[in-house]
Amino acid sequence: MAEKLVRAVEALALPHERSPLGHVSISVGIASMRNDGNSPAQTLVQRADAALYRAKAQGRNRVEWD
């Protein structure tokens with residue numbers, strides 16, 4: 001689903017002068033974990049956030065998994 005979203009936004013080709021790509025794009029960070037009762041939900045959010053920043057650092061307009 002995340003890849004579909006990235007491609008759908010890319011296909012719109014909406015101009016964005018301040019973007020390094022020249023058009024509107026999205027980057028997505030994805031993480032998952034088992035609910036073992038020992039890990040706080042914030043851990044999942046932090047992992048997804050780290051994956052998002054990796055996606056941005058690797059050129060944007062992409063999906064990164066944790």
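User: How many helices and strands does the chain have?
Analyst: This is a predicted model. From the N terminus on, its elements run α-β-α-β. The count is therefore two helices and two strands.

User: What is the radius of gyration of the chain, and is the chain compact or spread out?
Analyst: The C-alpha trace spans about 45 × 20 × 15 Å along its principal axes. For 66 residues the globule rule gives 11 Å, and the radius of gyration is well over that, so the chain is more spread out than a compact globule. The radius of gyration is 14 Å.

User: What percentage of the residues count as buried?
Analyst: The accessible surface of the chain comes to about 4900 Å². Carbon and sulfur atoms hold 54% of that surface. Buried here means a relative accessible area under 20%. Of the 66 residues, the share that counts as buried is 20%.

User: Which residues make up the largest nonpolar core?
Analyst: This core has five residues. The elements that give two or more residues to the core are helix H1 (2-12) and strand S1 (28-30). Its members are Ala2, Val6, Val28, Ile30 and Val63.

User: Which residues does valine 28 contact, leaving aside its neighbours within four places in sequence?
Analyst: Val28 is itself one of the residues of the largest nonpolar core. Three other core members, Ala2, Val6 and Val63, are among its contacts.

User: Is asparagine 61 buried or exposed?
Analyst: Asparagine 61 sits in the loop between helix H2 (41-57) and strand S2 (63-65). Its phi is positive, about 55°, although it is not a glycine. The relative accessible area of asparagine 61 is 11%, under the 20% cut-off, so the residue is buried.

User: Alanine 13 has a positive phi too; is alanine 13 buried or exposed?
Analyst: Alanine 13 has a phi of about 50° and is not a glycine. The residue lies in the loop between H1 and S1. Its relative accessible area is 51%, and the cut-off is over 50%, so alanine 13 is exposed.

User: What is the relative accessible area of serine 19?
Analyst: Serine 19 also has its place in the loop between H1 and S1. Its C-alpha atom is separated by 21 Å from that of alanine 50, 31 residues apart along the chain. Serine 19 is buried, with a relative accessible area of 14%.

User: Which residues does leucine 44 contact, leaving aside its neighbours within four places in sequence?
Analyst: Leucine 44 is in helix H2 and is partly exposed, with a relative accessible area of 30%. From alanine 11 it is 33 residues apart in sequence and 30 Å apart in space, C-alpha to C-alpha. The contacts of leucine 44 are Ala31, Ser32 and Met33.

User: How far apart do the centres of the positive and negative side chains lie?
Analyst: The chain has 9 positive and 7 negative side chains. The centres of these two sets lie apart by 1 Å.

Methods. Residues are numbered from 1 along each chain as its sequence is written. This is a predicted model: local features need pLDDT of at least 70, side-chain atom pairs count only at pLDDT 80 or more; totals for chains, interfaces and linings use all residues. Side-chain values use heavy atoms; hydrogens and water are left out. A nonpolar core is a set of buried Ala, Val, Leu, Ile, Met, Phe, Trp, Tyr and Cys residues joined through side-chain atoms within 4.5 Å. Buried means under 20% relative accessible area, exposed over 50%, partly exposed in between (1.4 Å probe, protein chains only). Helices (H or I, at least four residues) and strands (E, at least two) are DSSP runs, numbered from the N terminus. Contact means heavy atoms within 4.5 Å. The radius of gyration is taken over C-alpha atoms; the globule rule is 2.2 Å times the number of residues to the power 0.38. Accessible areas come from the Shrake-Rupley method with a 1.4 Å probe; for residues, only the protein chains shown count as cover. Lys and Arg count as positive and Asp and Glu as negative; His and the chain ends are not counted. The place of a charge is taken as NZ of Lys, CZ of Arg, CG of Asp or CD of Glu.
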